[in-house]
Amino acid sequence: MTDAHAAAEAWGPAPDGLDRPHWDGLLEGELRLQICADCGSWIWGPQTVCGNCHSFELRWEAVEPTGTVYSWHRSWYPYMDEYASRLPYVTVLVELPHAGGRRVLGILVDDLDEDPRIGDEVIGAVEHDEGATWPLVRWRRTRATKGDK
């Protein structure tokens, strides 16, 4: 990958490489987060030491990409070139019950005419856009919300 290409892409591994296993997992179709081998605490964003027990014994594990909407935001500004033709788009903060309640950001790609609600159940899928170096997790609600009370 050229430096110009790296600068143009708004996502991918950090220069220090700490989160590289997360991105490699996405390339393999998995959502991976860190977990402490000593105390079992899930960690996100990536760290070099467990914030709970201070262990350096951290590993990366695949996590089931299901959760609930913790927060969301509709954007009319294309913060990434990828979204210039997709305005507006909705960013969701998803709480993952299979990862100790850790929360990850992503894009909601289902019916955007209906605002998401806090607590909506979502499922993630790793999607690799044509021309992109790195895939992303995209989120869809598991049930329709129109008409729900």
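## Basis and overall fold

Residues are numbered from 1 along each chain as its sequence is written, and side-chain values rest on heavy atoms, with hydrogens and water left out. Because the model is predicted, local features need pLDDT of at least 70 and side-chain atom pairs count only at pLDDT 80 or more, while totals for chains, interfaces and linings use all residues.

The protein has two helices and eight strands, where helices (H or I, at least four residues) and strands (E, at least two) are DSSP runs numbered from the N terminus. Along the sequence these elements follow the pattern α-α-β-β-β-β-β-β-β-β. Of the 149 residues, 36% are buried, a word that stands for under 20% relative accessible area, with exposed meaning over 50% and partly exposed in between (1.4 Å probe, protein chains only). Among contacts (heavy atoms within 4.5 Å) with a separation of 6 or more, 53% are between residues 24 or more positions apart.

## The largest pocket

Rolling a probe the size of a water molecule over the atoms shows where empty space is left. On a 1 Å grid over the protein atoms alone, a cavity is a set of points where a 1.4 Å probe fits but cannot get out, whereas a pocket is an open set with protein on both sides within 12 Å along at least five of seven lines, and lining residues have an atom within 4 Å of a point. The largest pocket holds about 490 Å³ of space, a volume being the space filled by probe spheres set on grid points that are joined across faces, edges and corners.

Its lining has 18 residues, and W11, W23, L105, G106 and L136 are the ones nearest the centre. At least two lining residues come from each of α2 (20-27), β5 (89-96), β6 (102-108) and β8 (136-141), and β6 gives the largest share, with four residues. The lining is made up of 15 nonpolar residues, three polar and no charged; here Ala, Val, Leu, Ile, Met, Phe, Trp, Tyr, Cys and Pro count as nonpolar, Asp, Glu, Lys and Arg as charged, and the others, Gly among them, as polar.

## T66 and the paired strands

T66 belongs to strand β4 (residues 66-75), and it counts as buried because its relative accessibility is 17%. Leaving aside residues up to four places away in sequence, T66 touches E95, L96, P97, H98, V122, I123 and W139.

Strands β4 and β5 run antiparallel and are joined by seven bridges, pairing being assigned if DSSP finds at least two bridges between two strands. In this pair V69 stands opposite V94 in β5. Strands β5 and β6 are also antiparallel, over seven bridges, and there E95 stands opposite R103 in β6. Five residues lie between the strands of the β5 and β6 hairpin, in which G100 has a positive phi near 65 degrees.

A search of the whole structure finds zero disulfides, a disulfide being a pair of cysteine sulfur atoms within 2.5 Å. The sulfur of C50 lies 3.6 Å from its closest cysteine sulfur, that of C39, which is too far for a bond. C53 is likewise in no disulfide, with the sulfur of C36 the nearest at 3.6 Å. C50 is buried at a relative accessible area of 1%, whereas C53 is partly exposed at 32%.

W44 and G45 are joined by a cis peptide bond with omega about 5 degrees, and G45 lies in the loop between β2 (42-43) and β3 (58-63). H54 is also placed in the loop between β2 and β3; H54 is a residue other than glycine with a positive phi, near 70 degrees, and is exposed, with a relative accessible area of 56%.
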